[in-house]
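Please open the model in a viewer and keep the selection panel at hand.

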Amino acid sequence: MSTAHASRELAQFAAQLRYDAIPAPVVERTVNLYVDWLGSGLAGKGARPVDSIARFARQAGGVGGAAEVLIDRAGASAYFAAMVNAAASHFVEQDDVHNGSVLHPATVVFPVVLALAQAHGASGRDVITAAVAGYEVGIRAGEFMGRSHYKVFHTTGTVGTLAAAAAAGRLLRLDPERMLHAFGSAGTQASGLWEFLRDAADSKQLHTAMAAANGLMAAQLAADGFRGATHILEGPQGMAAGMSTDADPARLLDRLGTRWATLETSFKYHAACRHTHPAADALLAVIGEHGLELADIAQVVAHVHQGAIDVLGNVVVPQTVHQAKFNMGTVLGIVAQRGYAGVNEFEDGYSRPEIAAFRDKVRMVLDEEIDAAYPARWIGKVSVTTTGGRVLHGRVDEPKGDPGNTLSRDEISAKFLRLAAFSGAAGPEEARAMLAHAWELPDQPVVGSVFAARIAA
């Protein structure tokens, strides 16, 4: 397949994708990803940055409409519902990630397709088809942009805008030409810089909010005949030219239609930056094998890829719960003490003196094997020195949640219920009813309120 005009070929694929052409395992995976995302969306209720974005949406006229804002159940236009739900679902750091593209697809795709489906009376199958279009386009664009892009740019904020446009365009049934224009309008708005991590700023939620909203707007503009750049990805002044030094055009159309990148997407087990998960799981393996306690550990060396150093190295002493999720020492301290770094474990423990003391025992070092495998594989290795002087080594080749070590539907359900309870977005009985309804997405003739499922007597 030629890459001479990859943007056009991607647009044609997204516009012409049909539910019946999607393999059954991809459909099943997409439903799993949807349920997983919905839990993260509910978990954003009460988060200060999310509340700020919701207030902006309301003040800008985003009140009333068929689309649903998850954090307060208010009706809104599709544009503003997508904006707020994208911010909410990226807050607790439990939304999915695709390793090779370092993209969090769900947080920019599902807010868009759910909002548009509710606004237009679309079916669950329409949602699934549009979501797969968004995942497939977004993941390939992220892989295309390369490692140099991720060093400076938050890929979910940049490439996520394209993913959102592809998903919105498919839900709106754009033809290939208008889908291409949607890509152009999305790409020219793509933004998101990592600098926010140094200051514990709130930009991460703004990145996903605007990626979803701008992608949706790009598709709606295209539906109205608005023209966008037709070589936005590969053009001489396109995204790669301005945002990458190692873009790989072959990645854009890699086995398009036969390699389903949606299947490669990982669930997040720990409620922290994904770059911490391989080392966290490797440390848990050492602790489990040797029966260690927090007090038994004198030093931990986390062997990592350069991308982990680029992102996590910005946070030395975390000032907030969210910033703590981007600090390797804090994450490893929580898993060493609690056995799991979940939303409640961070709220209860990130600032405890013993965790702060443990943080100073952890350092990251670049590992050539791990760096060479990244981003296709995220290997975890740790070297643990005990207070007794022993040096112990741990390794995981697939962190919990990766496709080869995935979460079962029972585990996804448990995660959903835990996240709904964490924020108080739904009571136990209502959350279980919502969960049962969400699993039925492929059979829903019209996607309505996610809160409307009746609680069994």
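Select helix α1 (residues 6-16) together with helix α8 (residues 176-187): their axes lie 8 Å apart and the helices pack at an angle of about 120 degrees. Helices α1 and α8 are therefore oblique to each other; angles under 35 degrees count as roughly parallel, over 145 as roughly antiparallel, 65 to 115 as roughly perpendicular and the rest as oblique. Axes here are lines fitted to C-alpha atoms, for helices over the stretch in contact, with angles running from 0 to 180 degrees between N-to-C directions. Helices (H or I, at least four residues) and strands (E, at least two) are DSSP runs numbered from the N terminus.

This is a predicted model, in which local features need pLDDT of at least 70, side-chain atom pairs count only at pLDDT 80 or more, and totals for chains, interfaces and linings use all residues. Residues are numbered from 1 along each chain as its sequence is written, and side-chain values use heavy atoms, with hydrogens and water left out.

Next, display the side chains between the two helices. On the α1 side, the contact (heavy atoms within 4.5 Å) includes Ser7, Arg8, Leu10 and Ala11. These meet α8 residues, among them Pro176, Glu177, Met179, Leu180 and Phe183. By class, the contact of α1 with α8 has eight nonpolar, three polar and two charged residues. Here Ala, Val, Leu, Ile, Met, Phe, Trp, Tyr, Cys and Pro count as nonpolar, Asp, Glu, Lys and Arg as charged, and the others, Gly among them, as polar.

Move to helix α3 (residues 48-59) and helix α9 (residues 203-223), which pack at an angle of about 40 degrees with axes 9 Å apart. That makes α3 oblique to α9. Their contact joins Pro49, Val50 and Ile53 of α3 to Gln205, Leu206 and Ala209 of α9. The residues of this contact divide into five nonpolar, one polar and no charged.

The contact of α7 with α9 has seven nonpolar, nine polar and no charged residues.

Two backbone details come next. Which residue has a positive phi although it is other than glycine? Select Glu93, whose phi is near 60 degrees, in the loop between α4 (78-88) and α5 (106-120). Then select Tyr374 and Pro375, which are joined by a cis peptide bond with omega of about 5 degrees. Pro375 lies in the loop between α17 (368-373) and β5 (380-386). Most residues other than glycine have a negative phi, and most peptide bonds are trans.

Finally, colour the chain by domain: the assignment (bounds from an automatic or database domain assignment) gives domain 1 (6-267) and domain 2 (274-396). Their centres, taken over C-alpha atoms, are separated by 30 Å. The contact takes 21 residues from domain 1 and 20 residues from domain 2.
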